[in-house]
Amino acid sequence: MVQLPAIQTTCKSGKECFQGVDGEYTLQDFWAWAFSDLVSNTERGKLAEYLVAKAMGCGTRISQTWESYDLLSPEGIKIEVKASAYIQSWQQKGFSTISFGIAETLFWDGVGYAGEEKRHADVYVFCVLKHKDQATINPLDLAQWDFYPVATHRLNSSFGKQKNVTLGSLISHCKVPPCPFSELRDAIEKEYRA
């Protein structure tokens, strides 16, 4: 069986050009086209991962999409990042309920899924874009976010095999207060040591 090794991705600047087309189309043009809607679920989730990575000092690595947790801090803390918001990009009848997926998963070993289903990170960071004014929502404004770091063992004891959790349930069962971005690193490290 032929096995292809993992591709070692290099960090792009955004100035790279597409080849084989008339005119200049840059990678930055693609990024702006594909990822400008930071309020949408997909981009908001990736933005939340980036914010946590920057807080933990691991935002210089290229984002991995295939590992069994989202981030690995320089201290070796495995972090899973979940994001939610009251306001969505689409038309809404009212604010969304803040909830997060916390399902156990198999471990990705680089070739396939293996091992037992469990939560593989040491700490989960639940990120809430808390702003409730559609006209002024700005995911780049860190004052519009709250962060809730929770040690995985506390999630396991409070929620067992549960696959989803609401923010209210998370706060009441885990007694976790909201944390601003400026205190996020310390809060994650505290949960890791708990």
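**Exercise 1.** Among contacts in the protein between residues at least 6 apart in sequence, what percentage join residues at least 24 apart?

*Solution.* Start with the term: a contact means heavy atoms within 4.5 Å. Then take the contacts between residues at least 6 apart in sequence; of these, 57% join residues at least 24 apart.

Some notes apply throughout. The model is predicted, so local features need pLDDT of at least 70 and side-chain atom pairs count only at pLDDT 80 or more, while totals for chains, interfaces and linings use all residues. Residues are numbered from 1 along each chain as its sequence is written, and side-chain values use heavy atoms, with hydrogens and water left out.

**Exercise 2.** State how many helices and strands the protein has, and give their pattern.

*Solution.* Helices (H or I, at least four residues) and strands (E, at least two) are DSSP runs, numbered from the N terminus. The protein has 5 helices and 8 strands. Along the sequence they follow the pattern α-α-β-β-β-β-β-β-β-α-β-α-α.

**Exercise 3.** Classify the ring pair of Phe30 and Phe35, and the ring pair of Trp145 and Phe147.

*Solution.* Rings of Phe, Tyr and Trp (its six-membered ring) pair if their centres lie within 6.5 Å; planes under 30 degrees apart count as stacked, over 60 as edge-to-face and the rest as tilted. The structure holds 7 aromatic pairs. In one of them, the ring centres of Phe30 and Phe35 are 5.8 Å apart and the planes stand at 85 degrees, so this pair is edge-to-face. For Trp145 and Phe147 the centres are 6.1 Å apart with 15 degrees between the planes, and the pair is stacked. Ring pairs also link Phe30 and Phe35 with Trp33 into a cluster.

**Exercise 4.** Which rings does Lys132 lie over?

*Solution.* A charge sits over a ring if NZ of Lys or CZ of Arg is within 6 Å of the ring centre and within 35 degrees of the ring normal. The charged end of Lys132 sits over the ring of Tyr86, 4.3 Å from its centre. Lys132 also lies over the face of Phe95, at 5.3 Å from the ring centre.
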